[in-house]
Amino acid sequence: MALLFRALLCPARAPARLLLRAPARLCSAGTQFQYLVVEKKGAKQNVGVIQLNRPKALNALCDGLMNEMNQALDSFEKDPHVGAIVITGSEKAFAAGADIKEMQNRTFQECYGGNFLAHWNRVSLVRKPVIAAVNGYALGGGCELAMMCDIIFAGEKAQFGQPEILLGTIPGAGGTQRLTRAVGKSLAMEMVLTGDRISAQEAKEAGLVSKIYPVEKLLEEAINCGEKIAGNSKLVTAMAKEAVNAAFEMTLTEGNKMEKRLFHATFATDDRKEGMAAFVEKRKANFTDH
């Protein structure tokens with residue numbers, strides 16, 4: 001395991017003149033990215049795809065990558081044509097953990113005073129649906145990143161784990177909280193206390209992922225799911241996502257009250273009228289996101 005974590009360490013930063021020569025990657029808004037490939041996919045170009053691209057570090061999550069992730073998410077959130085977002089990595093690693101080399105010398109005062117890792121939570125705050133397409137390693141921060149998404153699809157060889165205990169620390173970006181809610185206390189406790197991983201099949205059986213696909217088909221299937229979601233009313237989709245997420249934060253009684261309020265709110269939208277009219281008239285609905 002020690003060898004694995006040494007492999008996850010970020011390489012030393014290159015001199016500035018070399019960084020300037022590195023190929024830039026652009027999103028639709030023209031933003032340049034060093035650690036991501038950001039583009040729109042789907043027949044209607046309505047699915048935003050964010051691919052982590054630090055292959056030598058197995059997509060370890062450094063501060064620069066997470067800042068770029070937030071920029072890309074903000075860009076897609078503001079894009080009226082994008083109805084869903086997919087986050088993925090490589091076939092070998094979704095993200096094999098946080099950048100240990102970057103954080104190893106931090107002090108308590110720095111972490112607590114600066115609210116270290118707070119900006120990682122942006123993924124969970126996006127109003128548009130986010131799908132994680134996980135191939136290979138999703139360990140530590142990588143597993144936490146996947147769990148911040150709304151849907152997790154896994155490749156057949158995916159592995160999930162929270163091995164922070166082996167480094168003398170604990171998960172710090174939601175691992176103890178989201179994993180417990182997803183798979184239950186016993187399995188979450190075992191994974192967090194031992195650092196052991198689970199396979200894609202075990203993750204599906206435990207409820208952490210919804211579907212498993214062959215490695216080479218995973219991203220395509222995630223984009224297909226994104227297209228289905230993007231074909232619905234974006235306004236009502238946001239309401240549906242808000243209602244489901246409320247189940248993790250509220251009692252059943254309060255959650256049901258919130259669901260009713262959001263359900264009633266759909267009756268103030270043009271898309272609810274269009275959807276029901278299309279059903280009655282036996283035609284496809286033409287949603288306008290109003």
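Contact, as used in these exercises, means heavy atoms within 4.5 Å. The structure examined here is a predicted model.

**Exercise 1. Determine where Lys241 lies, whether it is buried or exposed, and which residues it touches.**

Step 1. Begin with the secondary structure: Lys241 belongs to helix H12, which covers residues 234–246.

Step 2. Next, consider the accessibility: Lys241 has a relative accessibility of 11%, and because buried means under 20% relative accessible area, Lys241 counts as buried.

Step 3. Then list the contacts, leaving aside residues up to four places away in sequence: Lys241 touches Val126, Arg127, Lys128, Pro129 and Val130, together with Asp150.

**Exercise 2. Describe the largest nonpolar core, and state which residues touch the most other members.**

Step 1. The largest nonpolar core holds 49 residues, of which Ile50, Ile87, Phe160 and Leu208 touch the most other members. Helix H3 (residues 63–78) supplies the largest share of this core, namely six residues.

Step 2. Take Ile50 as the example and again set aside residues up to four places away in sequence: its contacts include Leu36, Val37 and Val38, then Met69, Ala72, Leu73 and Phe76, and also Ile85, Val86, Ile87 and Thr88.

Step 3. Another core, of 13 residues, lies apart from the largest one, and among its members are Ala84, Phe153, Tyr213 and Ala222.

Step 4. As general background, nonpolar side chains tend to be buried together in soluble globular proteins.

**Exercise 3. Work through the salt bridges: how many does a search of the whole structure find, and which of the pairs discussed here links distant parts of the chain?**

Step 1. The search of the whole structure finds nine salt bridges.

Step 2. One of the pairs is Glu39 with Lys41, whose side chains meet at 3.9 Å, N to O; this pair qualifies because the cut-off for a salt bridge is within 4 Å. Glu39 is partly exposed, with a relative accessible area of 32%, and Lys41, at 32% relative accessibility, likewise counts as partly exposed.

Step 3. A further pair is formed by the side chains of Asp74 and Arg122, at 2.7 Å, N to O. This pair links distant parts of the chain, with Asp74 in helix H3 and Arg122 in helix H6 (residues 122–125), 48 residues apart. Asp74 counts as partly exposed, at 29% relative accessibility.

Step 4. Arg283 and Glu281 also form a salt bridge, their closest N and O atoms being 2.6 Å apart. Arg283 is partly exposed at 35% relative accessibility, and Glu281 is partly exposed at 49%. A network of salt bridges links Glu274, Glu281 and Arg283.

**Exercise 4. Identify the residues that make a nonpolar surface patch of about 290 Å², and characterise Met276 within it.**

Step 1. The patch is made by Phe263, Phe267 and Met276.

Step 2. Met276 lies in helix H14, which covers residues 270–280, and Met276 is partly exposed, with a relative accessible area of 41%.

Conventions
Residues are numbered from 1 along each chain as its sequence is written. This is a predicted model: local features need pLDDT of at least 70, side-chain atom pairs count only at pLDDT 80 or more; totals for chains, interfaces and linings use all residues. Side-chain values use heavy atoms; hydrogens and water are left out. Patches are made of residues with over 30% relative accessible area and no salt bridge: like charges are joined within 9 Å, nonpolar side chains (Val, Leu, Ile, Met, Phe, Trp, Tyr) within 5 Å. Accessible areas come from the Shrake-Rupley method with a 1.4 Å probe; for residues, only the protein chains shown count as cover. Helices (H or I, at least four residues) and strands (E, at least two) are DSSP runs, numbered from the N terminus. Buried means under 20% relative accessible area, exposed over 50%, partly exposed in between (1.4 Å probe, protein chains only). A nonpolar core is a set of buried Ala, Val, Leu, Ile, Met, Phe, Trp, Tyr and Cys residues joined through side-chain atoms within 4.5 Å.
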